[in-house]
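Work through the exercises below with the sequence and the structure in view. Each task is followed by a worked solution.

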Amino acid sequence: MADTPNGAGRPLAGVRVLELGSMYAAPTCGRMLRDFGADVIKVEDPTSGDYARQWTPMKNGQSFGFARLNSGKRSVAIDLRSDAGRDLIKRLAAQVDVVIENFRPGRMDAWGLGYSALAAVNPGIVVTSVSGFGQTGPYREKPGFGTVAETGSGFAFINGWPETPPTSPPFGFADSISGISAAMGTAMALFRRERTGQGDHVDVSLYEPLMFIVGDMIMNYTGTGFVQGRVGNGTGSASPRGVYRAADGKWLSIAASNQGIARRLFAAMGRPELIEDPRYATNEVRMQHNDELQEMVVAWVAERPRDEILKVLDEYEVVCSQVNDASDIVEDPHFQERTLVELTGVETLGRVLMPGPVLHFAGEERPVYHGVPSIGEHTDEVLSELLSLSGSEIAELAEAGTVRSGQAPAATEALR
């Protein structure tokens with residue numbers, strides 16, 4: 001399959017992806033694949049585009065979330081509600097390696113674009129479906145967004161403090177985790193295809209990756225009958241652990257989650273004898289006396305400024321970190337070197353930084369993030385390149401409302 005300049009030599013170089021996803025989960029999968037070399041063609045509604053374009057926060061009408069997930073993709077605007085539009089999708093699917101979709105289960109089949117139909121024209125195709133509750137089971141037809149996954153998985157019930165309501169996170173947690181999981185599933189299906197030549201249908205729900213993360217509480221209940229509740233900044237499984245306020249009002253975290261770290265923390269506090277105290281000698285007994293132990297740690301941290309506390313903890317090799325806000329992250333030299341990347345070529349945003357790839361390969365340069373495609377910006381380019389449609393044929397489709405014609409390739413080359 002085709003390669004792009006940005007993907008040359010990367011793990012997924014040569015892989016072509018057709019993204020029929022909107023909002024966050026499926027586009028996150030596309031972003032993960034794009035980060036490692038895949039050519040991702042994003043299909044959008046010709047009129048409104050991906051609804052994520054309208055999500056806040058924004059600057060000058062440009063959604064930060066949309067920009068973060070879709071920089072470097074090629075946008076093709078096709079009306080999937082029309083027969084002609086669905087025919088174009090099927091023809092495009094014959095020319096790609098992967099199709100990502102996040103419609104409600106059954107919708108793709110009803111359109112004649114389900115896995116069986118696409119595999120008939122492209123036996124090696126990998127179709128990755130992301131949905132609220134998966135392609136099987138009693139809830140398969142229920143609509144689902146991240147909030148539903150965060151509450152239904154059990155995550156929200158244990159997130160927060162005992163005196164506060166169950167709490168969903170203020171960002172797309174479930175969408176992001178399921179999108180990363182979908183990328184992993186897609187890569188596994190592509191690996192198997194290399195050995196067998198056969199494609200596959202990858203089924204990812206929004207809730208299952210989160211339910212895996214909180215799985216200990218499910219095992220605990222089935223094994224003991226105990227229903228885990230909210231415990232604030234603790235884990236309910238290791239002590240001492242938490243978030244603490246230093247003398248200057250700044251916050252830091254400490255995780256003494258194994259015996260060696262607990263011993264080093266007590267030494268850093270000037271209380272090495274605590275590890276011999278029957279109340280604190282093992283994690284099991286520390287959990288039984290967690291409240292009084294936490295009072296000691298809170299009092300010790302409150303005696304000094306955060307930087308001084310962190311310096312002492314680092315000297316004793318105690319697992320710790322400052323509690324960062326966005327300004328702290330941007331100014332941190334470690335994140336500057338390893339994690340943050342600049343999104344360039346978007347005048348409406350100016351200079352902005354965002355997190356780059358979620359993992360690293362030895363000796364590889366990071367991908368470039370330049371520009372955010374407008375709706376249908378690459379329609380002409382893709383339909384000409386993959387389907388050999390002429391300019392007049394594309395113009396006819398645009399006049400009929402089946403597609404939204406894009407710009408000339410010369411104006412969009414930098415986005416590839």
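Two strands count as paired if DSSP finds at least two bridges between them. The model used here is predicted.

**Exercise 1.** Find the residue that stands opposite Ser 129, and state the sense in which E7 and E8 pair.

Solution. Begin at Ser 129: the residue opposite is Asp 203 in E8. Next, take the two strands: E7 and E8 are joined by 6 bridges, and their pairing is parallel.

**Exercise 2.** Give the order of the strands in the open sheet, and explain why one side of E8 and of E15 is left without a neighbour.

Solution. The order of the 7 strands is E8-E7-E6-E1-E2-E5-E15, with mixed pairing. E8 and strand E15 (403–404) are at the edges and each has a single partner strand, so one side of each lacks a neighbour in the sheet. Then look at what packs on the sheet: H8 touches E6, E7 and E8, and its direction makes about 165° with that of E8.

**Exercise 3.** Describe the largest nonpolar core and the elements that give two or more residues to it.

Solution. The core has 32 residues; among those touching the most other members are Leu 12, Val 17, Leu 33 and Ile 100. Elements giving two or more residues include helix H1 (25–35), strand E6 (98–101) and helix H8 (173–196). H8 supplies the largest share, 6 residues. Now follow Leu 33: apart from its neighbours within four places in sequence, Leu 33 contacts Leu 12, Val 17, Ala 38, Ile 100, Ala 183 and Thr 186. A second, separate core holds 29 residues, including Val 43, Ile 78, Leu 88 and Val 382.

Definitions and conventions. Residues numbered from 1 in each chain as written. Predicted model: local features only at pLDDT ≥ 70, side-chain atom pairs only at ≥ 80, totals over all residues. Heavy atoms only, no water. Core = buried A, V, L, I, M, F, W, Y, C linked by side-chain atoms within 4.5 Å. Buried < 20%, exposed > 50% of the residue type's maximum accessible area, 1.4 Å probe, protein only. Helix = DSSP H or I, 4+ residues; strand = E, 2+ residues; numbered from the N terminus. Contact = heavy atoms within 4.5 Å. Axes fitted to C-alpha atoms, helices over the stretch in contact; angles between N-to-C directions.
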